[in-house]
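The tour goes from one selection to the next.

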Amino acid sequence: MAGLDERPIDGDEGDEHHAPVWAVFGDLMSGLVGAFVLILVGVLVVQMDLVNSLQAEVRKREQEEQRRMALEKALAIPLQNGRVTLDNGRIGISGSVLFALNSDELRPEGRQILRSLVPPLQVYLGERDEMLMVSGFTDDRPVQAGNQRFADNLELSAQRALTVTRALIEEGMPRQRVFSAAFGAEQPVASNDDEKGRALNRRVEMAPVPKAGREARAGARD
């Protein structure tokens, strides 16, 4: 009888064999649920970032459109005569209107156009606390031989930008609101293979831009 009592009962053996399987299955399911939750959280975070990025881009485009419309409204009268163009917030004036070929001496007609631009630009810049960047551009042809004033197109474009900047200041634009930049033959808007394209590339552009300090502060807030 003692030997019979020492033998294990069949039911107990079954429990010992099956208990580890259920434990492993439970751990596996717990791991799968945890992984699913992590994936779901990751997807939600990515979607939220994407939505925020899209909203920021929409706000940026709306602000740019508002600025464009405001600038177009401010320059309505100068734009009517066709001597001034407005493209993506850049005010363009043909170089032939402002200067003779290879010259930085402002034509009377050019000064008159600049004079008409100062009042609306002054109001526009003041309302937004922005500055005006005056940029000079040329075609890719070298300056005329024997011209002792300019070493190359970059210097010619720089002097033209300075001439326009000074003229704007003389006509009433506050000095702290305007600065100049030179690009020479870089950034053409047309082909330099023919005279029509080269004439378009010889130009001066003006563009309202945020103040450096304000831009840096905006970047810090972001």
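The model is a predicted one. Begin by selecting the strands: 5 of them make up an open sheet with mixed pairing, and the order across it is β1-β2-β5-β3-β4. Next, colour residues 84-87 and 178-184. These are β1 and β4, the edge strands; each has a single partner strand, so one side of each lacks a neighbour in the sheet. Looking across the sheet, the twist from one strand to the next averages 25 degrees.

Now move from β2, residues 90-94, to β5, residues 203-210. This pair is also antiparallel, joined by 4 bridges. To locate one end of the pairing in the viewer, pick S94 and then R203, its bridge partner in β5.

Finally, bring in the helices. Which helix packs on the sheet while touching β3, β4 and β5? Select residues 153-170: this is α6, and its direction makes about 160 degrees with that of β4. Then select residues 108-128 for α5, which lies across β1, β2, β3 and β5. Show β3, residues 130-137, together with α5 to see the angle of about 140 degrees at which the helix runs to this strand.

Note on methods:
Residues numbered from 1 in each chain as written. Predicted model: local features only at pLDDT ≥ 70, side-chain atom pairs only at ≥ 80, totals over all residues. Heavy atoms only, no water. Pairing = 2+ DSSP bridges. Helix = DSSP H or I, 4+ residues; strand = E, 2+ residues; numbered from the N terminus. Axes fitted to C-alpha atoms, helices over the stretch in contact; angles between N-to-C directions. Contact = heavy atoms within 4.5 Å.
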